Amino acid sequence: MCGIIAYFGKKQAFPVLINGLKKLEYRGYDSAGICISDNHQFFIAKKKGKVGELEREFLREYGVCSIKDGSCEKREELKEI
């Protein structure tokens, strides 16, 4: 059993997707994954456990992604979304 969330629009995709995955957590999933594209490359993270762990892993690996302006840059200090 799985749940799939997709987003295409003008907002930053990362918060929209993470919030959607968090809404599915009650179903008892034991892992989650996320993939964001900026039209040039894919930013992918998969993690066992809660969606919050996936969120931290993605931010640790890629930093804050702003697909709005077509960039995903790693920053030293990450603000919680």
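**A first tour**

A: The protein's secondary structure comes to two helices and four strands. Keep in mind that this is a predicted model.

Q: What pattern does the protein follow along the sequence?
A: Reading along the sequence gives α-β-β-α-β-β.

Q: How much of the protein counts as buried?
A: Of its 81 residues, 32% count as buried.

Q: And what about the accessible surface?
A: The surface comes to about 6,100 Å². Carbon and sulfur atoms account for 50% of that.

Q: What share of the contacts links residues 24 or more positions apart?
A: Among contacts with a separation of 6 or more, such residues account for 30%.

Q: Then what are the values for H1 and H2?
A: Helix H1 covers residues 13-24, and helix H2 covers residues 51-62. Their axes come within 9 Å and cross at roughly 160°.

Q: Parallel or antiparallel?
A: H1 is roughly antiparallel to H2, because angles over 145 degrees count that way.

Q: Is the crossing left-handed or right-handed?
A: H1 passes H2 in a right-handed crossing.

Q: Which residues make that contact?
A: From H1, they are Phe14, Ile18, Leu21 and Lys22. H2 brings Val51, Leu54, Glu55, Phe58 and Leu59.

Q: How do those residues divide by type?
A: Seven are nonpolar, two are charged and none is polar.

Q: Pick one. Where is Ile18 found?
A: Ile18 is in helix H1.

Q: Buried or exposed?
A: Ile18 has 1% relative accessibility, so it counts as buried. The cut-off for buried is under 20%.

Q: What does Ile18 touch, leaving aside neighbours within four places in sequence?
A: Ile18 is in contact with Ile34, Val51, Leu54 and Glu55. The C-alpha atoms of Ile18 and Val51 are separated by 7.2 Å. Along the chain, Ile18 and Val51 are 33 residues apart.

Q: Switching to a strand now. Where does Ala32 sit?
A: Ala32 is in strand S1, which covers residues 31-37.

Q: Is Ala32 buried or exposed?
A: Ala32 is buried, with a relative accessible area of 15%.

Q: What is Ala32 in contact with, again leaving aside neighbours within four places?
A: Ala32 is in contact with Ala45, Lys46, Lys47, Val51 and Leu54.

Q: And how far apart are the C-alpha atoms of Ala32 and Lys22?
A: They are separated by 9.8 Å. Ala32 and Lys22 are 10 residues apart along the chain.

Key
Residues numbered from 1 in each chain as written. Predicted model: local features only at pLDDT ≥ 70, side-chain atom pairs only at ≥ 80, totals over all residues. Heavy atoms only, no water. Axes fitted to C-alpha atoms, helices over the stretch in contact; angles between N-to-C directions. Parallel < 35°, antiparallel > 145°, perpendicular 65-115°, else oblique. Left-handed = near helix turned anticlockwise from the far one by under 90°. Contact = heavy atoms within 4.5 Å. Nonpolar A, V, L, I, M, F, W, Y, C, P; charged D, E, K, R; others polar. Buried < 20%, exposed > 50% of the residue type's maximum accessible area, 1.4 Å probe, protein only. Areas by Shrake-Rupley, 256 points an atom, 1.4 Å probe, with all protein chains shown as cover.
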